[in-house]
Amino acid sequence: MRPAAPLAAVVVPVYNAGAFLPACLRSIAAQTLQDFRCYLVDDGSSDGSGALCEAAGREDMRFVALHQAQCGVSAARAAGLRAALADGARWIAFCDADDLFHPDLLRVLIGAARSAKMPVACCLYDSFSGDAPADLPARPAGARVLAAPAHLEALLHDHAVDFSLCNKLYSAEALTPADLDNGYAYNEDLLANWQVFSRLPGCAFVDFVGYHYRQHPGSASHRPLNPASLDDQRRAAIYIREHAGPEMQQSADAFYYEKLVYLASMILRRADAADYRVQFNELGVGIRAGLRDPRLGKNPRLALSIKAAAWATVHCTRLWAAVCRRLLRDRQ
């Protein structure tokens, strides 16, 4: 029989991840903190991933296989969270099925959250392709406390904290399935974290590379650019802007404008940019209108490089497109 109420839960949404899932599960099984339960949510896989989840549960009682019709990563995470909460888990972590945990991730993040008396702790992550990076010994110098609203600032603007759910650990009271299953296919993690962080007094941050993000042709960052991606990312930025409190409004305005410029640059770098002319024109209207707006293009929180990119997007589009094609690359 499984012991009740694990200290930590790890939720892994699984969809056709058979090539990478075994390595992911080995990294979770190797945690130095052993009091955890891992919920493998098979989201309608057709490549045998569901059978791998079942096999993991037979071989190690800490692993639980759940199956559902394909509903998307957000719904899969929400299903895993519901199961973890029902089992009484006190801390919740997330891992994508093609990525890897450092063996000390759970131990370090739970320790950081407890020492900082914060309901969320986060760490650094790195990216890799091919062989997994070597895990360096976990010798964090102690948790840095990001008290509200600094944790929201960091979520929007600090790439060390990042948008991801996977380099963070949450107390069971900090998030709900509705936070995760928000109807977004892109930037769903950003929106979930914004909603969660908005309710919290802050978070702990540890200078420790605890999560390894695998880059491969099928990974999320290599999905073909499509209108749904552009729309979701823009809608998420609009939502944040509209729901920011007074102390965060200037920062949220800057984030929104930076997102418009970023999305325009992602279109311009493509050889088939003409296929996205409707989306680019919509972004261009917003960028042009914001150039002289003190809340947008003249926002003091906006980096000079973003201001220059905004100007170039609307005033010398062809030259800026050439720059984007030369300098912008997929994460590898």
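User: How far is the sulfur of C53 from the closest cysteine sulfur?

Analyst: The closest cysteine sulfur to that of C53 belongs to C38 and lies 8.6 Å away, which is too far for a bond; a disulfide is a pair of cysteine sulfur atoms within 2.5 Å. This is a predicted model, in which local features need pLDDT of at least 70 and side-chain atom pairs count only at pLDDT 80 or more, while totals for chains, interfaces and linings use all residues. Residues are numbered from 1 along each chain as its sequence is written, and side-chain values use heavy atoms, with hydrogens and water left out.

User: And how many disulfides are in the whole structure?

Analyst: A search of the whole structure gives 0. C324 is in no disulfide either, the nearest cysteine sulfur being that of C316, 10 Å away.

User: Is C324 buried or exposed?

Analyst: C324 is buried, at a relative accessible area of 2%, and C53 is buried as well, at 0%; buried means under 20% relative accessible area, exposed over 50% and partly exposed in between, with a 1.4 Å probe and protein chains only.

User: Switching topic, what fraction of the protein is buried?

Analyst: Of the 332 residues in the protein, 53% are buried.
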